[in-house]
Amino acid sequence: MALLSLRDVSLAFGGPRLLDHVDWQVERGERVCLLGRNGEGKSTLLKLVHGEIVPDDGEIIRQQGLRIARLPQEVPEGECGAVFQVVAEGLTEAGEHLSGSEHRVDAIISRMGLDAETPFETLSSGMKRRVLLAKAIVNDPDILLLDEPTNHLDIEAIRWLEDFLLRYGGTLVFVTHDRVLLERLATRIVELDRAHLYDWACDYPTFLKRKEELLAAEERQNALFDKKLAQEEVWIRKGIEARRTRNEGRVRALKAMREARQQRRDRQGTARIQVQTADRSGQLVIEAKGAGFGYDGRIIIRDLSTTIMRGDKVGIIGPNGSGKTTLLRLLLGITAPQEGTIRHGTNLEVAYFDQLKAVLDDEKTVQQNVSEYDMIPINGQSRHVLGYLQDFLFPPERSRSLAKFLSGGERSRLLLAKLFTKPSNVLVLDEPTNDLDIETLELLESLLVEYPGTVLLVSHDRAFLNDVVTSTLTVEPDGQVRECDGGYDDAVRQRQAEKLVEPKTTPTPKPVEASTAVSRKLSFRERKELEALPQRVEDLEAAVSAVHQTMADPAFYQKGGNAIALEKQKLEELERELAVAFERWEELEARASD
């Protein structure tokens, strides 16, 4: 028997229905990812399942004694007190007495790596989310609802959350725009589209392919329907033929077609985002040499040296609070370095996306935030601002509403619309992916790949970084900035390889004498080792590929948490062995060629 069932459920809030006679079941042990465009009603559906709101029609059937907990999208305002107190609220809110259950609170706090005495309000946003997750699961819920659980988390916190949820073993229903989390975690995808739920028993890449095929078929069907309706409208206007008794059935059929067309909900359009490009910048965009900055006795950035050329797409990653935004401001010349130098090239036209969206005026309308004038120049042509905003999925009535009433996703789209009215050859994007639905996110991704100028991108979205950037700057907690080619996965691999070859202590160098110089040549054993290494590397690469293939199978994530963790550990060990083998191969080859 299903843990929870929706039967013929409908829900509306005065406008078009968010749910229209839907049926849905959640089975024990599933990890269901709920997808849908911004504004479709995903968060509302989670509240409905949780019992915070009730449907207009239909029924929700829950197993007797079913316990459901929900992790909200944002940290609730006013939440305070020691971590123990906040987590314990999860028991009291579920109707349990804390007395005698303190050990459960202590156990979950220990499991989550938290300090019971720390005041909640002093924690970082990532640690606050971890405390709220502990609060949600302390009562051992049968179903755990997660609404955008990775929002505002840094990459390390996201990876911790992924690993925790894979080991959790309970039933999950989650909403996310993080495609890596989706692919690793989901055993089933359910999409909310135009008030209906569609069940996809497949992995995410297969979902994308099947969804595209379904939409193409729907478009063809609608086109045939509209053509038939147009033909019947021409026929009815002939008048006398239609009024003959033998044609009454045809007239009734036409009325039914008109009603069906009126009730049909067309799919929300896709944003048509365009960037206005300015004249090309000089070949050199930014050059930093030994630049550093700090305040209150703390070093934020130290010894920054990098060269950014025209057309480079640079990702910037690091833990929350490590100084990524400070690094951006240094590179752009907004903040002056306290040591070293930063030089800019010629003819730079910078457009800056602020993660705090502070450049939006909440007391102005959407239209006024973009322009005070009706017409704006876009790529050399004059366009009406309302038409331009429709490209960013703001219909005219929404464009006239105040910005303070927008959702998080709408605010991000509005900031992009405002940003791209300005011609640029350097795009600076500080966390642009927060709150965007996956479809708009992938469109922005394609736009940045094709953008002919230079991009500086701060993001915690691993798939976005992998697909867009050509090099990565990693800000370490001590202020050091490491640079590597490629995206996030490349930076991780390089860092793992560096750790493997880093000596634990720096040995005192011994003077090299003529008699010891010969010892650098390869011994018989080392020559044999060198001969065997190419096959060793090939075998390890094949083993890594096999594990990746196993983990790509949706059925893999239906296994128990321990089995998944063991396979992940196996992959990490193989990757470490592969990195060591490569390092050893390079070392022996270098010595053999001396």
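Tutor: Contact means heavy atoms within 4.5 Å. The model discussed here is predicted.

Student: Which residues of H5 do Arg 130, Leu 133 and Ile 137 in H4 meet?

Tutor: Helix H4 covers residues 125–137 and helix H5 covers residues 155–168. The H4 side of the contact is made up of Arg 130, Leu 133 and Ile 137. An α-helix has 3.6 residues a turn, so residues three or four places apart point the same way. Across from the H4 residues, H5 supplies Trp 160, Leu 161, Phe 164 and Tyr 168.

Student: Are H4 and H5 roughly parallel or roughly antiparallel to each other?

Tutor: The two helices pack with their axes 12 Å apart, at an angle of about 10°. Angles under 35 degrees count as roughly parallel. H4 and H5 are therefore roughly parallel.

Student: Which helices do the buried residues of H2 pack against?

Tutor: Helix H2 spans residues 83–93, and its buried residues are Val 83, Val 86, Val 87, Ala 88, Gly 90 and Leu 91. Just after H2, Gly 95 takes a positive phi of about 90°. The partners of the buried H2 residues are helix H3 (102–111) and H4.

Student: How many of the 12 residues of strand S10 are buried?

Tutor: A residue counts as buried when its relative accessible area is under 20%. Strand S10 (residues 284–295) is largely enclosed by the rest of the structure, because its buried residues number 9 of the 12.

Student: Which residue in the turn between S10 and S11 has a positive phi?

Tutor: S10 and S11 (residues 298–309) pair in the antiparallel sense over 8 bridges, and Ala 291 stands opposite Leu 304 in S11. The two strands form a hairpin with 2 residues between them. The turn residue with a positive phi, about 50°, is Asp 296.

Student: What is the bridge partner of Ala 288 in S13?

Tutor: S10 also runs antiparallel to strand S13 (residues 339–344), joined by 5 bridges. In S13, the partner of Ala 288 is Ile 342.

Student: Which residues form the covered face of strand S14?

Tutor: S14 (residues 350–353) is joined to strand S17 (residues 426–430) by 4 bridges, and the two run parallel. In a regular strand the side chains alternate between the two faces of the sheet. Val 350 and Tyr 352 make up the uncovered face of S14. Its covered face holds Ala 351, which stands opposite Leu 427 in S17, together with Phe 353.

Student: Does Glu 148 count as buried or exposed?

Tutor: Glu 148 is in the loop between strand S6 (143–147) and H5. This residue has a positive phi of about 50° although it is not a glycine. Because its relative accessibility is 10%, Glu 148 counts as buried.

Student: What is the relative accessible area of Leu 393?

Tutor: Leu 393 lies in the loop between helix H12 (385–390) and helix H13 (396–399). Leu 393 is not a glycine, yet has a positive phi of about 70°. The residue is buried, with a relative accessible area of 15%.

Student: What share of the residues of the protein chain count as buried?

Tutor: The protein chain has 20 helices and 20 strands. It exposes about 30,100 Å², of which carbon and sulfur atoms supply 50%. Of its 594 residues, the share that count as buried is 47%.

Methods: Residues are numbered from 1 along each chain as its sequence is written. This is a predicted model: local features need pLDDT of at least 70, side-chain atom pairs count only at pLDDT 80 or more; totals for chains, interfaces and linings use all residues. Side-chain values use heavy atoms; hydrogens and water are left out. Buried means under 20% relative accessible area, exposed over 50%, partly exposed in between (1.4 Å probe, protein chains only). Accessible areas come from the Shrake-Rupley method with a 1.4 Å probe; for residues, only the protein chains shown count as cover. Axes are lines fitted to C-alpha atoms, for helices over the stretch in contact, and angles run from 0 to 180 degrees between N-to-C directions. Angles under 35 degrees count as roughly parallel, over 145 as roughly antiparallel, 65 to 115 as roughly perpendicular and the rest as oblique. Two strands pair if DSSP finds at least two bridges between them.
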